[in-house]
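Student: I would like to learn how to read the features of a structure. Where should we begin?

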Amino acid sequence: MIVPAPGAILVNLDFGSGDLADRREEFILLARSAGAKVRQVIEGRRQRPDSALFAGTGKVAEIAAAVRAHEAGLVMFNHELSPAQQRNLEAEFECRVLDRSTLILDIFAQRAQSHEGKLQVELAQLEHLATRLVRGWTHLERQKGGIGLRGPGETQLETDRRLLSDRVKSLRDKLTKLKKQRAVQRRARTRGQVMSISLVGYTNAGKSTLFNALTHAGAYVADQLFATLDTTSRKLYLPDAGSIVVSDTVGFIRDLPHTLVAAFRATLEETIHADLLLHVVDAANPARDEQVSEVGKVLIEIGADAIPQIAVFNKIDLVPSAPEVTRDEYGRICRVSVSARTGGGIELLRGALAEFATARQAEAAAALQ
């Protein structure tokens, strides 16, 4: 858990990607979402990372000076650090150093509410730790009593590895059982021919606000990254199409750690098995095209890219723009523009869902004839 005081120094280097400003603002929001107090953002440009210190000696000296000036207790890199780079930097700064993946994992650890969500976060954290091979595993000893744990001839590191491996196996077993339970629930829903819709999108695009506007569910909403971690599902009755199930899911982000995607694959199965994806897009964000692309990458990774989608351009009250429905060349609804906050366009979206549901029901009826 990140301790907010005495503050954090953020490091955001440009390796030629060309979107430094967007990455900077997103990284600041990530840090604040984790509870850190941002004291200074240090930027620079390099052709490639330094193998030992990632940022090079001159930039490291600048960061170290900022740490001393602000009496900061934390340095965060908006990049992936190797274990050796992290150790070297901590020695230089004499404070804790986090890379982007560890920061995101920390936010997930703070946000997880359900039993399954907490198990998934712990699994992702332990799999990330397994690559570090440094301190931080002694809590596993405390969980199991500590005394007499070391086998004949085992070094402390070997003991830590074994304890880590045992805990990872235990977590995977528990998550497998939960996955089976969810599969049973999904089969029952399929037998009842209830259509399933999942909300997907970049983090902070307004999925939970839209979910609440559609279903009156009262899901947690905040202007922060990863406000929603645990999948929430609610039934929604559509006058022309009957009941459907709508699920709110975790938001995606660029450079999402693979350990997180893997760990949350079970939760994201609601997305994989959905009949329709509502891809929620922040219409007011200048980087929305890149965000759409990043969401597409994750959907490919979890095997959900072939599921039909309707793009929901949210936050049109900030653009400003009018609620509207856009159709493709085949006459099918491909985009709905709404404001989940004000309610503008929500009835258009309900109408789009009803149209999709009735078309799907007609297809199913025709297939049975």
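Tutor: Begin with the crossover: it is right-handed if, with the strands pointing away from the viewer, the path from the first strand over the helix to the second runs clockwise. Helices (H or I, at least four residues) and strands (E, at least two) are DSSP runs, numbered from the N terminus. Here β8, helix α11 (residues 288-301) and β9 make a right-handed β-α-β unit. This is a predicted model, in which local features need pLDDT of at least 70, side-chain atom pairs count only at pLDDT 80 or more, and totals for chains, interfaces and linings use all residues. Residues are numbered from 1 along each chain as its sequence is written, and side-chain values use heavy atoms, with hydrogens and water left out.

Student: Which strands are joined to β8 by bridges?

Tutor: Two strands pair if DSSP finds at least two bridges between them. Strand β5 (residues 195-201) runs parallel to β8, with 5 bridges joining them, and Leu199 stands opposite Leu278 in β8. Strand β9 (residues 309-314) is also parallel to β8, through 6 bridges; there Leu277 faces Gln309 as its opposite.

Student: How many residues of β8 are buried?

Tutor: Buried means under 20% relative accessible area, exposed over 50%, and partly exposed in between (1.4 Å probe, protein chains only). In strand β8 (residues 276-282), 7 of the 7 residues are buried, so the strand is largely enclosed by the rest of the structure. Leu276, Leu278, Val280 and Asp282 point one way, while Leu277, His279 and Val281 point the other way.

Student: How do I check the length of helix α1?

Tutor: The expected span of a helix is 1.5 Å times one less than its number of residues. For the 14 residues of α1 (residues 20-33) this should give 20 Å, and the end C-alpha atoms are 20 Å apart, which agrees. After α1 comes Gly35, with a positive phi near 100°.

Student: What do the buried residues of α1 pack against?

Tutor: An α-helix has 3.6 residues a turn, so residues three or four places apart point the same way. The buried residues of α1 are Arg23, Glu26, Phe27, Ile28, Leu30, Ala31 and Ser33. They pack against β1 (8-14), β2 (38-45), β3 (74-77) and α4 (100-111).

Student: Which residues touch the most other members of the largest nonpolar core?

Tutor: A nonpolar core is a set of buried Ala, Val, Leu, Ile, Met, Phe, Trp, Tyr and Cys residues joined through side-chain atoms within 4.5 Å. The largest one has 36 residues, and Met76 and Leu299 touch the most other members. Its largest share, 5 residues, comes from α4. Contact means heavy atoms within 4.5 Å; leaving aside neighbours within four places in sequence, Leu299 is in contact with residues including Val200, Phe252 and Leu277.

Student: Are Glu71 and Lys315 buried or exposed?

Tutor: Glu71, in the loop between α2 (57-70) and β3, has a positive phi near 50° and counts as exposed at 63% relative accessibility. Lys315 counts as buried at 19%.
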